[in-house]
Amino acid sequence: MLAIIGAGPAGLAAALEAHKEGIKDIVIFERAKEPGGILLQCIHTGFGLHYFNEEISGPEYAARFSEAIKDTDIKLICDTMVTSISKDLEIIAMNKKDGLMKFKADAIILAMGCRERPRGALNIYGTRPSGIMTAGAAQEYINIKGYMPGKKCVILGSGDIGLIMARRMTLEGAKVEAVCELLPFSGGLKRNIVQCLDDYGIPLRLSTTVVCVHGKERLEGVTIAKVDDKLQPIPDTEEYIECDTLLLSVGLIPENELSQLAGIKIDPVTKGPVVSDTRETSISGIFACGNVLQVHDLVDFVTLESQVAGKAAAEFIKNRNLKNEFAKVVPGERVRYIVPQKVSLPVTEELTFYFRVTNEFDNMIVSLSVNDKEIYSKKKRKLAPGEMENLKIKTELFENLTSDDVIEIKVKEK
Amino acid sequence: MKKIDLTCVVCPFGCLMQIELDDNDKIISVTGNTCKRGETYAENEITDPRRNICSTVRIEGSKVHNVVPVKTSSEIPKDKIFECMKEINKVVAKVPVKIGDVLISNVLGTKVDIVATNNVLD
Ligand SMILES: Cc1cc2nc3c(=O)[nH]c(=O)nc-3n(C[C@H](O)[C@H](O)[C@H](O)COP(=O)(O)OP(=O)(O)OC[C@H]3O[C@@H](n4cnc5c(N)ncnc54)[C@H](O)[C@@H]3O)c2cc1C
Ligand code: SF4
């Protein structure tokens, strides 16, 4: 049995790919009532441009995969939460109907997605009134449940979810007073800044944070302040903004409690498992893909990554051909992280490396080297931490790679 | 002659384009776009800016869902966005609703429909 945990776009694509590769016994566990994952609440369009060559909404994107699953014998078990996995590929899951269940899998694919950093992780000073929630929670209230969480709103964090929610709240009649961003740049896609903020005249306040919240029962206002280059609030720059809602969009964390329990090695930067090019984790037979592995901005890349994992898991079940020689992949100058973190040897297929840069850069060169010798480079007009980059490298370039070799990707000046 | 910067919003690449306009606001040149759609976007943005909008419509008769997500079938003029939201918030759908079902046709006489973007079957 191939067990897949999570029926978001990652789990669904991985399942379909493994099925295509001839695996018959596939089970997907999903804790929600329906498949689709986070896409179900992302009702805006902006999905599928790479993969389907058209722009569709989140639910439509998810439906294409969940409908395709219906035409196969892939088993989808919803309303069921996986509570543990082990290095021997044992899975414990539970639901209201069947209680605790135990399975032994031949391979596991982790596709649990990520979750938002809650307010506690941020430590804003002040009272604890209602009206403070994550942007994703507000998105669920409006787009799934059909409730409006407030009328006058400040958003902290300018990642895509924050930007999308600024527009959504505005369309539904709320006034969004400001989107505050701690860093000197937004982590969101440029198009979202244009279509979600500029179109509606919502101010984006960079290098600004919320230093205090006010109100007893319900939020009454927030104090914001500018921050210095060490991200510390600057005295006497405080400003009070009246509002009944504060949305926090301060980053996503891959959901890896299960992975950690199993003893899977986690990358301290991505907060996801360390994987090879086949998306195999440090435990043989356990693969990972999608947001549980690295936080993606575009679901299309989630789909591609998950197909890699699905195919590799199928290969693992069919042939048990364990690849156990790897060349290391390390981030160089101006690169924050790279996935995969290692490459299995010998290299037999074109490889795609995904990475993020540390800051905003203009007119640079992305360079890939093996043991400090450059083998590939590409010009880039714009690079930003909010946009995941990728490098496709042809098989020939890695012909004589050995496990002593180190692959480095860096960004350098022209 | 005038030069303006414009971010193409047609796809998530968000190319930053430089547009040269003559004194009658006619485009002389567009650079910085990765594909042809950027040019078309620039042309439209200067003469007749349009946007897609996405929202939700109340749905009756479902055990699981209170709302069904919807989108405009193609772009509507930017200055009609809020009027269009009012129309969307007036309608109530009934199960079953399938992806692509038209919930409002020819909204505000724009020849654009409001269509469902998820299946709500029960
Ligand atoms: C607000 C927002 C806006 C976005 N906008 C865009 C956009 O415009 N364009 C674009 O291309 N991409 C966008 N994305 C990104 C894209 O939606 C995600 O990258 C993608 O959905 C990730 O897929 P996933 O399957 O890895 O995770 P998810 O969709 O989160 O799915 C994970 C699934 O695993 C389940 N699960 C977790 N733990 C367990 C467990 N223990 N047992 C059982 N089930 C479990 C969860 O219930 C969930 O269904 C956006 C994301 C967000 C959050
Ligand atoms: S110019 Fe083409 S590639 Fe660039 S954002 Fe527009 S549509 Fe996308």
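The legends below describe close-up views of a predicted model.

Local features are given only where pLDDT is at least 70 and side-chain atom pairs only at pLDDT 80 or more, while totals for chains, interfaces and linings use all residues. Residues are numbered from 1 along each chain as its sequence is written, chains are lettered from A and ligands numbered from 1 in the order in which they are written, and side-chain values use heavy atoms, with hydrogens and water left out.

**View 1. The parallel sheet of chain A.**
Five strands of chain A form an open sheet with parallel pairing, in the order E5-E2-E1-E9-E21. Strands (E, at least two residues) and helices (H or I, at least four residues) are DSSP runs numbered from the N terminus, and two strands pair if DSSP finds at least two bridges between them. Strands of a sheet pair through backbone hydrogen bonds, either parallel or antiparallel. Strand E5 (75–77) and strand E21 (286–288) of chain A are at the edges with a single partner strand each, so one side of each has no neighbour in the sheet. Ignoring direction, neighbouring strands are turned by 20° against each other on average. Helix H7 (residues 299–319) of chain A packs on this sheet and touches E1, strand E9 (107–110) and E21 of chain A. The direction of H7 makes about 170° with that of E9(A). Angles run from 0 to 180 degrees between N-to-C directions, with axes fitted to C-alpha atoms, for helices over the stretch in contact; contact means heavy atoms within 4.5 Å.

**View 2. Strands E1 and E2 of chain A.**
Strand E1 (residues 2–5) and strand E2 (residues 26–29) of chain A run parallel and are joined by four bridges. Opposite A:Ile4 stands A:Ile28 in E2(A).

**View 3. A hairpin in chain A.**
Strand E6 (residues 81–85) and strand E7 (residues 90–95) of chain A pair over four bridges in the antiparallel sense. A:Ser84 has A:Ile92 in E7(A) as its bridge partner. Four residues separate the two strands of this hairpin, and A:Leu89 in the turn has a positive phi of about 65°.

**View 4. A salt bridge within chain A.**
A:Glu255 and A:Arg31 form a salt bridge, their closest N and O atoms being 3.2 Å apart. A salt bridge is a side-chain nitrogen of Lys or Arg within 4 Å of a carboxyl oxygen of Asp or Glu. A:Glu255 is in the loop between strand E20 (252–254) and helix H6 (257–262) of chain A, and A:Arg31 is in the loop between E2 and strand E3 (45–47) of chain A, so the pair ties together parts 224 residues apart in sequence.

**View 5. Where chain A meets chain B.**
In this interface, 37 residues of chain A are in contact with 32 residues of chain B. About 2,800 Å² is buried between the two chains, and carbon and sulfur atoms give 56% of this area. Buried area is the accessible area (1.4 Å probe) that two parts lose on being put together, summed over both. Three salt bridges are counted between chain A and chain B. B:Arg51 and A:Asp199 meet through their side chains in a salt bridge (2.5 Å, N to O).

**View 6. Two cis peptide bonds.**
One cis bond joins A:Leu345 and A:Pro346, with omega about -5°. A:Pro346 is in the loop between strand E24 (342–344) and strand E25 (351–357) of chain A. Another cis bond joins B:Val95 and B:Pro96, with omega about -5°.
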